Amino acid sequence: MAPSFHQTSNTVCVMDASGQLGTSLVHRLLQRGYIVHASVQSHAQFNGISADPNRLKIFRSDPFDYHSIIDALRGCSGLFYVFEPPQDQPNYDEYIADVEVRAAHNVVEACAQTESIDKVVFTSSATAVVWREDRKSMEYDLDEKHWSDVNFCRKFKLWHGMSKTMAERTAWALAMDRGVNMVSINAGLLMDGDLCIKNPYLRGAAEMYEDGVLVTVDLPILVDTHICVYEHVSSYGRYLCFNHVINTHNDAVQLAHKAMPMPTPPSLPLSCDPGKDFIRQRITNKKLNKLMVNFVG
């Protein structure tokens with residue numbers, strides 16, 4: 001059961017609930033006894049969940065319509081925020097960062113103006129951690145303290161990393177200024193049924209692989225992580241979330257086949273050397289592992 005912080009603490013909002021992660025979060029939160037406000041950009045996008053209408057309420061919320069966000073948050077003690085690109089701009093390109101930053105700003109500001117909100121779980125990405133000019137020369141492994149360099153991302157057209165970094169920094173700055181209790185999850189590449197070679201996370205995959213920082217996360221693990229950091233009273237700051245590191249040739253080949261499901265992929269998304277059996281992992285999620293050690297999913 002969900003812990004009881006105050007009388008509205010069993011009501012939470014999932015925004016955007018239309019994607020794989022958002023939909024899965026709604027399912028699990030309902031199973032754990034929460035009342036869920038499922039916020040989607042379009043009712044047609046949400047596949048729907050069979051549940052008591054008194055426990056699942058669906059809202060149409062545009063991340064650029066402040067008042068629609070406020071409506072979805074009303075009465076909620078928590079928000080699980082997952083950015084889904086608008087229907088008219090589904091791809092990550094050089095302009096998506098402005099879209100994602102504006103959405104993050106609106107959502108955090110709305111949380112600041114909603115008195116019942118106790119905690120915000122902000123979904124970010126490991127790509128907001130790994131892209132740095134000095135990453136090859138760093139003495140220590142990458143962790144939650146590190147940030148991707150926006151200028152580096154822009155220079156090499158790493159739009160996913162640039163967008164996630166700018167949006168998360170915007171959210172953190174506003175949360176600290178407004179006194180919003182926020183925790184962010186920097187997730188690895190989500191291994192779900194929608195994975196394909198066009199996934200924007202995979203841009204620069206060869207370099208991430210060679211640097212020992214190409215990480216993936218299974219959907220159930222990512223869902224559990226979101227719920228754990230929400231329910232755990234001592235959670236704070238950023239958490240890198242992954243349960244697998246792609247650091248062998250076989251790992252790379254398997255990922256290539258999952259991203260391009262055909263008998264013989266014409267080329268791998270990773271420039272992996274078959275003669276190099278193992279690449280040392282250069283990224284750690286010890287902070288999250290410590291938090292989740294006693295979590296019951």
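**View 1. Cys-13 and its bridge partner in strand E2.** Cys-13 has His-37 as its bridge partner in E2. Strand E1 (residues 11–15) and strand E2 (residues 35–40) run parallel and are joined by 5 bridges; strands are DSSP runs of E, at least two residues, and helices are runs of H or I, at least four, numbered from the N terminus. Two strands count as paired if DSSP finds at least two bridges between them. The model is predicted, and local features need pLDDT of at least 70, side-chain atom pairs pLDDT 80 or more, while totals for chains, interfaces and linings use all residues. Residues are numbered from 1 along each chain as its sequence is written, and side-chain values use heavy atoms, without hydrogens and water.

**View 2. The open parallel sheet.** The sheet has 7 strands in the order E3-E2-E1-E4-E5-E6-E9, with parallel pairing. Strand E3 (56–60) and strand E9 (237–241) are the edge strands, each pairing on one side only.

**View 3**

**View 4. Strands E7, E8 and E10.** E7 and strand E8 (residues 215–218) pair in the parallel sense over 3 bridges, with Met-191 opposite Asp-218 in E8. E8 pairs with E10 in the antiparallel sense over 2 bridges, and Val-215 has Val-245 in E10 as its bridge partner.
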